[in-house]
Amino acid sequence: RRNAYRRAALAELAAIGPVSTPASAAAVSAILKRVALVAYPRAEVASLTGEAWLAFLDRTSASDAFSQGAAADLARAPFGAPVRDGGALLGVARRWVTHHRGET
């Protein structure tokens with residue numbers, strides 16, 4: 001039960017299908033935000049957007065996959081920027097859902 005939120009998020013990510021449009025990248029970001037709101041204090045997460053959101057995801061995954069990798073498209077999606085590598089973005093998102101560290 002403790003990890004039910006992770007399983008639900010992974011199912012939602014799978015339901016998105018290929019991440020190839022700004023809308024699908026924004027949907028991935030929304031799923032990650034919901035997961036973060038379960039796992040971390042609301043005050044720390046709720047207002048994060050853009051580069052600050054990616055920095056949080058990097059910090060809680062102990063990587064730079066969000067700010068420096070394919071998942072950087074998450075910050076550009078709200079502005080209609082094309083998705084460069086949707087498969088890699090989805091992989092990074094899945095890894096974060098599965099392996100993010102608990103409260104910071």
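1. Overall size. For 104 residues, a compact globule would have a radius of gyration near 13 Å. The chain has 12 Å, which agrees. Note that this is a predicted model. The C-alpha trace spans about 35 × 25 × 20 Å along its principal axes.

2. Secondary structure. The chain has 6 helices and 0 strands. In sequence order the pattern reads α-α-α-α-α-α.

3. Burial and surface. Of the 104 residues, 39% are buried.

4. Contact range. Take the contacts between residues at least 6 apart in sequence. Of these, 55% link residues at least 24 apart.

5. Packing of H1 and H6. Helix H1 covers residues 4–16, and helix H6 covers residues 86–99. How far apart are their axes, and at what angle do H1 and H6 pack? The axes lie 9 Å apart, and the angle is about 170°. Angles over 145 degrees count as roughly antiparallel, so H1 is roughly antiparallel to H6.

6. Residues at that contact. H1 contributes Arg 6, Ala 9, Leu 10 and Leu 13. From H6 come Leu 90, Ala 93, Arg 94, Val 97, Thr 98 and His 99. By class, the H1 contact with H6 has 6 nonpolar residues, 2 polar and 2 charged.

Notes: Residues numbered from 1 in each chain as written. Predicted model: local features only at pLDDT ≥ 70, side-chain atom pairs only at ≥ 80, totals over all residues. Heavy atoms only, no water. Axes fitted to C-alpha atoms, helices over the stretch in contact; angles between N-to-C directions. Helix = DSSP H or I, 4+ residues; strand = E, 2+ residues; numbered from the N terminus. Parallel < 35°, antiparallel > 145°, perpendicular 65-115°, else oblique. Contact = heavy atoms within 4.5 Å. Nonpolar A, V, L, I, M, F, W, Y, C, P; charged D, E, K, R; others polar. Rg over C-alpha atoms; globule rule 2.2 N^0.38 Å. Buried < 20%, exposed > 50% of the residue type's maximum accessible area, 1.4 Å probe, protein only.
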